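Please find below a short note for a reader new to this entry.

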Amino acid sequence: MNTPPRIAVVIGSSRPGRICPGIAAWARDVLADNSRLDYELIDLAEVDLPMLDEPLMAALGHYEHEHTRAWSRRVSGFDGFFFVFPQYNWGYPAIVKNALDYLYDEWHGRPASLLTYGTRGGNLAADQLIQVMRGVDMAVLDVHVEAKVTKADLDENWQLRDLAATLEPTCAQVRAVDEAFTNALTD
């Protein structure tokens with residue numbers, strides 16, 4: 001029996017009190033619903049990579065530190081990547097860039113997409129990350145998701161009042177991402 005292709009749903013925020021894990025879990029559930037693929041969460045805050053400390057460029061594949069080798073093994077176990085992150089000051093969080101910069105061949109040729117969120121949806125952060133994903137030779141899918149999350153969607157503790165209601169307008173886009181991953185990875 002063949003195992004289904006594995007897609008990492010990457011939680012790309014490490015801010016205390018962040019809403020990203022809930023958004024990523026919601027997206028994973030929508031992606032996985034009736035999918036032929038296996039979607040799994042990776043929380044970059046839990047991966048806990050230090051700021052890039054490898055002495056050689058990642059494209060050489062010579063990793064000095066065990067945390068880099070462990071990250072390489074983990075990433076190598078996935079067939080594709082779906083990055084979920086907020087837009088900060090028109091850009092994406094440093095933790096995402098740092099995680100990408102540690103490796104090169106592990107990303108090469110793997111399909112990738114993203115879900116950004118923010119008061120305007122996160123398109124500027126998406127554009128920046130897409131450039132980086134192309135820089136590490138990922139196969140960037142044509143479909144991505146932008147979720148608008150406004151102050152009205154948040155409670156007094158800066159948590160989503162109703163995560164499902166806030167994200168529901170993006171369901172069709174998220175399902176289209178699953179279709180794109182499926183087309184890229186299956187017969």
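1. Rings of Phe, Tyr and Trp (its six-membered ring) are taken to pair if their centres lie within 6.5 Å; planes under 30 degrees apart are stacked, over 60 edge-to-face, and the rest tilted. Ring pairs join Trp 71, Phe 78, Phe 81, Phe 83 and Trp 107 into a cluster.

2. The model is predicted: local features need pLDDT of at least 70, side-chain atom pairs count only at pLDDT 80 or more, and totals for chains, interfaces and linings use all residues. Residues are numbered from 1 along each chain as its sequence is written, and side-chain values use heavy atoms, with hydrogens and water left out.

3. The whole structure holds 7 aromatic pairs. One of them, Trp 71 with Trp 107, is edge-to-face, at 6.2 Å centre to centre and 65 degrees between the planes. Both Trp 71 and Trp 107 are buried (under 20% relative accessible area; exposed is over 50%, partly exposed in between; 1.4 Å probe, protein chains only).

4. Phe 85 and Tyr 92 also form an edge-to-face pair, with 6.3 Å between centres and 70 degrees between planes. Phe 85 counts as buried because its relative accessibility is 0%; Tyr 92 is buried with a relative accessible area of 16%.

5. Which residue lies over the face of Phe 78? Arg 6 does, at 4.1 Å from the ring centre; the criterion is NZ of Lys or CZ of Arg within 6 Å of the ring centre and within 35 degrees of the ring normal.
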